[in-house]
Amino acid sequence: MLFKNLKILYTIIILTLPITFQYSSVVPGISLGELFLVGVVFLCLIYMMLSKQKIKPISFLKNPFFWLVIYIIFISLISGMIQDTFSLTTVSTRIIRFVFYTICAIIISSQFFDFTYGIKIYKRFVILATSFLMVQIILYHSTGFILQGTIPGANMVNDFSYDRIQESLSRFYRPMSFFTEPGYYARYVLPFLAFCLFSSKLHAKYRTDMGKAIFITIGLFLSGSGQGILLGIFLWAGYFITKGVDISTFRIRIRYLIGGLALPIISFFILQFDHIQRSLDRLWGGPMASSNLRVYRGFAVYEQFPLLEKFIGVGYGNSGNYIEAHGIYTQYDFPGMPEYMNSVAYILTGTGIIGLLILLWTFVFMYKKTKGFYKAVAIVFIILCVQGGILISSNMIFYVSIIMAGTYSIKVQNENGYINSRLKQQTPA
């Protein structure tokens, strides 16, 4: 009973982490979501020790996330010994946080993250968040009233105060549901959209839920999140392609191909709406567009590194100190944010070319070890790593816990299949 309750508690905290991480806690530098997570992980570790629950080290040695953590620690120590712009406090703090995220996503989640229970809770959260977003936009366009989903007076991380959000929305209104940015809402609901479209490949009890998929897609368009809109279209395109063409039997399903052909036409007309156009302009319009800053800036910084730093990096989380100390400038710079770059560039500048190769290994691992819904979420996660900083945020735990649940379920299916085949061989005719 205790194990079951811990799994439920841990699963709920993981699935609400993208919301609770926005709020500051009583501990400086730690968000409310992270504080909840530290508490439940402590309880999980105590339970594992008291119950003598065993963890197979070999399974984690085969996981590239483990080697990414080891290499980050090793190369950051090397980098710290040979350069004078190394901030030990900054690097140590960020390494500890990333190690904790990885332990949660790879080890603790493998024991305590219950996907079967979690998907029921996650569905309710997503429907509630999308319904609230629709209420927000209806109220704004009918009365001009800006209804926020964050708690008034609560301390937010990254200086996202209630008044600051209100002032920002008064200049360019985009509903955010319970989040401080439309992009955060999009990142939260995209895995559920993938589940609605691709879950039928997991188990006979799951069915494609077209109604909820359309409902979530409408929410993504209404939010005005450029990355959410484009990734939503991407998931729908993947759905029509995988459903329309069966490679194993060379069978073509005309109705799905028709839907696939209609998708770009429908998307084109929807993308003409003014608030969606403005959102896409913010994402792609000009060198100072947000996606250009996140996608290109880190690589432009890396190009200016000396040969040694290109190979070993400047230390995980130390890129900002190095950039400022050496006066590195790019056309994509944003005032006051020297480390503004995507996750891939963050690993490249911090740990060098070998760190990048290990990161690419983790991407290949997630893609090859999953199928159906889990593979769709893995692809979305990889795209978000190229487009933003999800790997170095607590959202990494949310996404990777879901993805790794897929690798575990496939392993169990393979083991069960092997056992069943052996039993059939041993059964006398």
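A residue counts as buried when its relative accessible area is under 20%. In this predicted model, 50% of the 429 residues of the protein chain count as buried.

## Overall build

The protein chain contains 18 helices and 2 strands. Its accessible surface amounts to about 21000 Å², and carbon and sulfur atoms hold 67% of that area. Among contacts with a separation of 6 or more, 73% join residues 24 or more positions apart.

## Nonpolar cores

The largest nonpolar core holds 110 residues, of which Y10, L37, M366, F381 and M396 touch the most other members. Helix α8 gives the most to this core, with 13 residues. Another core lies apart from it and has 5 residues, including I137, I146, L169 and M176.

With residues up to four places away in sequence left out, F381 touches M366, I390, L391, M396, Y399, V400 and I403. F381 also belongs to a cluster linked by ring pairs, together with F115, Y122, F179, Y185, Y188, F192, F195, F373, Y374, F398 and Y399.

## Aromatic pairs

The model has 32 aromatic pairs. In one of them, the ring centres of Y140 and Y173 are 3.9 Å apart and the planes stand at 10°; the pair is therefore stacked, because planes under 30 degrees apart count as stacked. This pair links distant parts of the chain, 33 residues apart: Y140 belongs to helix α6 (residues 115-143), and Y173 to the loop between α7 (162-171) and α8 (182-198). Y140 is partly exposed, at 24% relative accessibility, whereas Y173 is buried, at 8%.

A second example is formed by Y316 and Y346, with ring centres 5.4 Å apart and planes at 85°, so this pair is edge-to-face. Y316 is placed in the loop between α14 (307-312) and α15 (319-325) and Y346 in helix α16 (residues 343-368), so the pair ties together parts that are 30 residues apart in sequence. Y316 is buried at a relative accessible area of 2%, and Y346 is buried at 5% relative accessibility.

A ring also takes part in an arrangement with a charged residue: K375 lies over the face of Y367, 3.9 Å from the ring centre.

## Salt bridges

The count of salt bridges comes to 2, and they are listed below.

| Salt bridge | N to O distance |
|---|---|
| E34 and R97 | 3.0 Å |
| K212 and D209 | 3.1 Å |

E34 counts as buried, at 8% relative accessibility, while R97 counts as partly exposed, at 27%.

## A buried loop residue

T330 is located in the loop between α15 and α16. Is this residue buried or exposed? At 4% relative accessibility, T330 counts as buried, because that value is under 20%. Leaving aside residues up to four places away in sequence, T330 touches R297, A300, V301 and Q304.

Definitions and conventions
Residues numbered from 1 in each chain as written. Predicted model: local features only at pLDDT ≥ 70, side-chain atom pairs only at ≥ 80, totals over all residues. Heavy atoms only, no water. Phe/Tyr/Trp six-rings, centres within 6.5 Å; stacked < 30°, edge-to-face > 60°. Helix = DSSP H or I, 4+ residues; strand = E, 2+ residues; numbered from the N terminus. Buried < 20%, exposed > 50% of the residue type's maximum accessible area, 1.4 Å probe, protein only. Lys NZ or Arg CZ within 6 Å of the ring centre and 35° of its normal. Contact = heavy atoms within 4.5 Å. Areas by Shrake-Rupley, 256 points an atom, 1.4 Å probe, with all protein chains shown as cover. Core = buried A, V, L, I, M, F, W, Y, C linked by side-chain atoms within 4.5 Å. Salt bridge = Lys/Arg side-chain N within 4 Å of Asp/Glu carboxyl O.
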